[in-house]
Amino acid sequence: MKEKIEYLMKLSDKEFGYYIFSHDPIHNKVDEKLKEEIIEKSLECGREVAEGLKIKYGFKNIVEYLKVLDLELCTKDTNSGLEYIYFGTYQKPNKITIYTDNIKLGTDLIEEWDLVRLKNVELQDIVIAHEIFHHFQEHDKSLYINTNKITLWSIGKFKYRSRLVAQDEIAGMAFAKELLELDFSPNVLDVLLLYPHDKDLAIEIYENIINSIPKKI
Ligand SMILES: [Zn+2]
C-alpha cells in the first residue's frame, strides 16, 4: 500500500480531475473534449482563488486565514458510526468541522510507512484548506464553478441546465494545493485517510483512480 500512495503522489491534478469527474451524477452527459475543458477550468478556478488569497494576506498559517475569513473551526474526535467517514465538512454560512481522530490515523500511517514527502505537511491543514474553498464557492457566485452549467435537455427555447458538483471538488483540490504550496495532489488523502478505516474500500478507490485516467494524457 505504501507504493500505491507513492504512486498516487506522482499523479497530476488533471489525472485526479478525471477521477473526481467520473463520480459526478451527470458525468456521462459531457463529451471527452468538454470534460477536459471543465477539468482544466475548474483547476484554474481553484488556483486563482488561492493565489488571490495569498496575494492579499500571504499567511503561512492556515489558522490565520480562518481568522480573516471569519470562519469558525470546530474539531470533533470522529464521526464514525455514520455510513460515510468524513475528515472535514463545511456548514453554511461560516463553519468548518474537522474530525481529528480520522485525520490522526492518516498521520500515523505516514510515520509507519515513512512517507518522506508527506512528513512535513499537516494533513489537517489540507482538510481545512479544502473546506475553505467550499466557503468561497458558497459566497462568490461569480466563480467559474458556480456559473458553468451543462444543458441536460432542451425543448425549443427551453433548456434545462445543471451544475456539475465535480467542478467544486476539482477546484477545491487545486485551491488546497496552491494555498499550501503542496507538491502532490491533495486527493492522495482520499486513499490515505480512508485506509485505516476501510482497507478494501481504499484499495478499490485507488484502482478507480488509476482506471479513470484516459490513456492519452
Ligand atoms: Zn469538498
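Author: A salt bridge is here a side-chain nitrogen of Lys or Arg within 4 Å of a carboxyl oxygen of Asp or Glu. The model is predicted, so local features need pLDDT of at least 70 and side-chain atom pairs count only at pLDDT 80 or more, while totals for chains, interfaces and linings use all residues. Residues are numbered from 1 along each chain as its sequence is written, and side-chain values use heavy atoms, with hydrogens and water left out.

Reader: What makes the contact of K119 with D114 a salt bridge?

Author: The closest N and O atoms of K119 and D114 are 2.4 Å apart. That value is within the 4 Å limit, and therefore the pair qualifies.

Reader: Why are K119 and D114 called partly exposed?

Author: Buried means under 20% relative accessible area, exposed means over 50%, and partly exposed lies in between (1.4 Å probe, protein chains only). K119 has 38% relative accessibility and therefore counts as partly exposed. D114, with a relative accessible area of 37%, is partly exposed as well.

Reader: How many salt bridges does the rule give?

Author: The count comes to 13 salt bridges. D13, R47 and K177 are linked in a network of such bridges.

Reader: What makes K14 and E36 a link between distant parts of the chain?

Author: Their side chains meet in a salt bridge at 2.6 Å, N to O. K14 is in helix α2 and E36 in helix α3 (residues 32–56), 22 residues apart. Helices are DSSP runs of H or I with at least four residues, strands are runs of E with at least two, and both are numbered from the N terminus.

Reader: Is K14 buried or exposed, and how is E36 classed?

Author: K14 has a relative accessible area of 18%, so K14 is buried. E36, at 23% relative accessibility, counts as partly exposed.

Reader: Why are K104 and D108 said to be separated by about one helical turn?

Author: K104 and D108 are four residues apart in helix α5 (residues 100–112), which means a separation of about one helical turn. Their side chains meet in a salt bridge of 2.7 Å, N to O. Both are partly exposed: K104 at 47% relative accessibility and D108 at 33%.

Reader: How do you know how α2 is oriented relative to α9?

Author: Helix α2 (residues 13–21) and helix α9 (residues 165–180) pack at an angle of about 150°, with their axes 9 Å apart. Angles over 145 degrees count as roughly antiparallel, and α2 is therefore roughly antiparallel to α9.

Reader: Why is I96 called buried?

Author: I96 has a relative accessible area of 0%, so I96 is buried. I96 lies in strand β3 (residues 95–99). I96 and H135 are 39 residues apart in sequence and 8.8 Å apart in space, C-alpha to C-alpha.

Reader: Which residues form the nonpolar patch on the surface?

Author: W153, I155, F158 and Y160 form the patch, with about 470 Å² of accessible area together. The elements that give two or more residues to the patch are β4 (149–155) and β5 (158–163). I155 is found in strand β4, and its relative accessible area of 62% means that I155 is exposed. Patch residues have over 30% relative accessible area and no salt bridge, with like charges joined within 9 Å and nonpolar side chains (Val, Leu, Ile, Met, Phe, Trp, Tyr) within 5 Å.

Definitions and conventions
Accessible areas come from the Shrake-Rupley method with a 1.4 Å probe; for residues, only the protein chains shown count as cover. Axes are lines fitted to C-alpha atoms, for helices over the stretch in contact, and angles run from 0 to 180 degrees between N-to-C directions. Angles under 35 degrees count as roughly parallel, over 145 as roughly antiparallel, 65 to 115 as roughly perpendicular and the rest as oblique.
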